[in-house]
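Let's begin with the fold as a whole and then move to the strand pairing.

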Amino acid sequence: MLNVYPIQLVVVTVSNQEASVATLITNNHSPLTTITAQPGAIVIRGAQGKQISVYTLDGRRIKEWSMVNGQSSITIPVSAGVYAVKVDRQTVNLTVK
């Protein structure tokens, strides 16, 4: 059986700075996972118990992390650029300015 995971991408403008927010909806039993691109960082919230990997566009993994239960968020400092963020088996691309 094929599982379909909807991904909602919302672009929000705050104080003349654009922030990308990706919300991963896994199922009705887990909390929402949000991945936010902020100037110089990627912030991931709600990914307790999930495996997180961050890749550059050339496929180089720059961060791998397992969020433990009780850990509410992780902030990953990065240079400006486009990154692929994988949470378990779902991947989104974000632009960090």
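## Secondary structure

The protein chain contains 9 strands and 0 helices, and its order along the sequence reads β-β-β-β-β-β-β-β-β. Both element types are DSSP runs numbered from the N terminus, with helices being H or I over at least four residues and strands being E over at least two.

This is a predicted model, in which local features need pLDDT of at least 70, side-chain atom pairs count only at pLDDT 80 or more, and totals for chains, interfaces and linings use all residues. Residues are numbered from 1 along each chain as its sequence is written, and side-chain values use heavy atoms, with hydrogens and water left out.

## Burial, surface and contacts

Among the 97 residues of the protein chain, 34% are buried, meaning under 20% relative accessible area with a 1.4 Å probe, protein chains only. The exposed surface comes to about 6000 Å², 51% of it from carbon and sulfur atoms; the areas follow the Shrake-Rupley method with a 1.4 Å probe.

Of the contacts (heavy atoms within 4.5 Å) with a separation of 6 or more, 41% join residues 24 or more positions apart.

## Strand β5 and its partners

Strands pair if DSSP finds at least two bridges between them. Strand β5 (residues 51-56) is antiparallel to β6 (residues 61-66), with 5 bridges, and Ser 53 faces Glu 64 in β6. Their hairpin has 4 residues between the strands, and Gly 59 there adopts a positive phi near 90°.

Strand β5 also pairs with β8 (residues 81-87), again in the antiparallel sense over 5 bridges. Here Tyr 55 has Ala 84 of β8 as its bridge partner.

Definitions and conventions: Buried < 20%, exposed > 50% of the residue type's maximum accessible area, 1.4 Å probe, protein only.
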